[in-house]
Amino acid sequence: MSLQESDWTPRSLPLLAWIEHGGVFETKLDAEHLVDTMPRLYSLSLHPPREALRWRASGLSDLDVAERRHWLRLEASAQLILTCQRCMHPLSLDLKVKRRFLVAPNEALANKLEDSAQDDYDVIAHDKQFDLLALIEDELLLALPIVPKHLQCEPPVLALAEPSQESTRQRPFAVLSTLKRSKESGE
């Protein structure tokens, strides 16, 4: 059974047919649906999303019929609230992704093309039921910084103990050092 154009959704897309048709998706996912739609990404956020995720996917084909290549262009922007790893306070992070993919008709050809791919695009294999939203989530996860931190912030200051308490507290290794010195001087 073949899917009709009216049945094409971002979750279930015959990618090559969609590209040949000059397919374009441009939409936003409302904030209240993002946690369910992209659980791996939004489980990292300290707070539920407040902003919609905006994305656009478009399919393009080369004009040369003899060596036609199929391309997928993807743009997405999202906002997450993470923990700054320097000051440990909330950090609002705006993620932006703009990628280009060469679509291969099968996995074997995708692996072959990946070896010769340039740095400005990646190769993906055609899948009869391609999930664009999963690809968007993957790309946004890859766009996350390794160590999220504010551009300028100070690490948290540890409260120092009262000097009077510290001076009266006995240090166990100081006592041992004193015993060792007295034993050495006694011999």
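This is a predicted model: local features need pLDDT of at least 70, side-chain atom pairs count only at pLDDT 80 or more; totals for chains, interfaces and linings use all residues.
Good morning. Helix α4, residues 107-116, lies across β4 and β5 and runs at about 170 degrees to β5.

How many strands form the open sheet, and in what order? There are 5 strands, in the order β1-β2-β3-β4-β5, and their pairing is mixed. At the edges stand β1 (24-29) and β5 (122-125), each of which pairs on one side only. From one strand to the next, the twist averages 25 degrees.

Strand β3 covers residues 70-83 and strand β4 covers residues 90-104; the two pair in the antiparallel sense over 14 bridges. Within this pairing, Ala78 has Leu95 in β4 as its bridge partner, and Trp71 stands opposite Leu102 in β4. Together β3 and β4 form a hairpin, with 6 residues between them. In the turn of that hairpin, Met88 has a positive phi of about 65 degrees.

On to the next pair. Strands β4 and β5 run parallel and are joined by 4 bridges. Here Phe101 stands opposite Asp122 in β5.

I now come to empty space. In general, rolling a probe the size of a water molecule over the atoms shows where empty space is left. Which elements give two or more residues to the lining of the largest pocket? The pocket itself holds about 160 Å³ of space, and the elements in question are β4 and α4, the helix with which I began. The lining residues include Leu102, Val103 and Ala104, as well as Leu109, Leu113 and Ser116. Arg68, Arg69, His70 and Tyr121 are also among them. By class, this lining has 8 nonpolar, 2 polar and 2 charged residues.

Finally, the cavity. The cavity is lined by Ser45, Pro48, Pro49, Arg50, Gln79, Leu80 and Ile81. These residues divide into 4 nonpolar, 2 polar and 1 charged. Thank you for your attention.

Methods
Residues are numbered from 1 along each chain as its sequence is written. Side-chain values use heavy atoms; hydrogens and water are left out. On a 1 Å grid over the protein atoms alone, a cavity is a set of points where a 1.4 Å probe fits but cannot get out, and a pocket is an open set with protein on both sides within 12 Å along at least five of seven lines; lining residues have an atom within 4 Å of a point. Ala, Val, Leu, Ile, Met, Phe, Trp, Tyr, Cys and Pro count as nonpolar, Asp, Glu, Lys and Arg as charged, and the others, Gly among them, as polar. Two strands pair if DSSP finds at least two bridges between them. Axes are lines fitted to C-alpha atoms, for helices over the stretch in contact, and angles run from 0 to 180 degrees between N-to-C directions. Contact means heavy atoms within 4.5 Å. Grid points are joined across faces, edges and corners, and a volume is the space filled by probe spheres set on the points.
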